[in-house]
Amino acid sequence: MLWLSRKDIEHISRRLLRDYLKKVPQKVDHIDPADFAEKMCGLQFTFADISEAHDAIGLTATSEVIITIPQRDGTRLDYELDGKTAFIDQSLVAENQIGRLNFTMMHEAAHQLFWMLYPEEYEVQTPRCVFRMADEHTQYPVLDWEEWQTNVLTSFLLLPKELVYRHMADVGLKDGIGVLNRIYARKDYECFSEAAKRLGVSKTALAIRSSQLGLVGRNDLYDPYALVDIFPEKNEIA
């Protein structure tokens, strides 16, 4: 098993991004995961209905292998993987989930990059397949270190600090955002949302990365009424 710290993964991401930018002639405003994957590990993406396999939204493998996925109508479909292809669930495109789509694509590329960089640790000579699940999120304590490391590398690759700083400054948040709250800090929230859109990521992904960079103080993304619980009205105090 490969054990890497967040700092180790950041160093890997910086090296990969530096090599990628040498292959891109123009200045980039965001990292295109499809272009990055093709240039850095020769990975191509195919869209298909793979969500019926335990709610999977991404699928790739180290080498040639056939994965059979049962369908809701009782049929079964075979997906041929060759080590250079990743399947992405078509719902991410149909539902216009750009941020989630980009993260999933880069996530599959990150798996391939780890396999390329550490073939012995991952035993890539033996076909192995990985799924990215629709409800996947980091748990603490971490139970699946491979997925944790892949998610961290994905975040660093999609959101290099220079681009985060640039776009946050461009939308008027150069000094960061004290409270990320769509109800009580609407203007800053809208600016933050615009930065996420420009970077091609979800607000969740940008909030996590911005917090790591010290650009987000309090994150109420999932609970905008949390401030009410902390500072109740006088007539609510017994």
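This is a predicted model: local features need pLDDT of at least 70, side-chain atom pairs count only at pLDDT 80 or more; totals for chains, interfaces and linings use all residues.

**Entry 1: a glycine on a strand**

I started with Gly 217, which I found in strand 8, residues 216–219.

Is Gly 217 buried or exposed? I got a relative accessibility of 59% for Gly 217, and the cut-off for exposed is over 50%, so Gly 217 counts as exposed.

Next I checked what Gly 217 touches. Skipping its neighbours within four places in sequence, I noted contacts with Ile 177 and Gly 178. I also looked at Gly 176, which sits 41 residues from Gly 217 along the chain, yet their C-alpha atoms are separated by 7.9 Å.

**Entry 2: an arginine on another strand**

Then I went over to Arg 132, which belongs to strand 6, residues 129–133. Arg 132 has 9% relative accessibility, and buried means under 20%, so I put Arg 132 down as buried.

Which side chain makes a polar contact with the side chain of Arg 132? I found Asn 151, at 3.4 Å. Asn 151 also turns up in the contact list of Arg 132, once neighbours within four places in sequence are left aside. Among the others on that list are Asp 55, Phe 103, His 107 and Glu 108.

**Entry 3: strand 5**

I wanted to know why strand 5 is described as largely enclosed by the rest of the structure.

I then sorted strand 5 by face. In a regular strand the side chains alternate between the two faces of the sheet. On one side I listed Thr 85, Phe 87 and Asp 89, and on the other Ala 86 and Ile 88; all are buried, and both faces are covered.

Which strands pair with strand 5? Strand 1 (residues 44–48) pairs with strand 5 in the parallel sense over 5 bridges. One bridge I looked up links Ala 48 to Asp 89 in strand 5. Strand 2 (residues 56–61) pairs with strand 5 in the antiparallel sense, over 3 bridges. There I noted Thr 60, whose bridge partner in strand 5 is Ala 86.

**Entry 4: the whole chain**

Last, I zoomed out. I counted 10 helices and 8 strands in the chain. Of its 238 residues, 48% count as buried. The chain exposes about 12900 Å², with carbon and sulfur atoms supplying 51% of that. For contacts with a separation of 6 or more, residues 24 or more positions apart account for 66%.

Notes: Residues are numbered from 1 along each chain as its sequence is written. Side-chain values use heavy atoms; hydrogens and water are left out. Helices (H or I, at least four residues) and strands (E, at least two) are DSSP runs, numbered from the N terminus. Buried means under 20% relative accessible area, exposed over 50%, partly exposed in between (1.4 Å probe, protein chains only). Contact means heavy atoms within 4.5 Å. A polar contact is a pair of N or O atoms within 3.5 Å; within protein, one must be able to donate a hydrogen and the other to accept it, and residues adjacent in sequence count only if both atoms are side-chain atoms. Accessible areas come from the Shrake-Rupley method with a 1.4 Å probe; for residues, only the protein chains shown count as cover. Two strands pair if DSSP finds at least two bridges between them.
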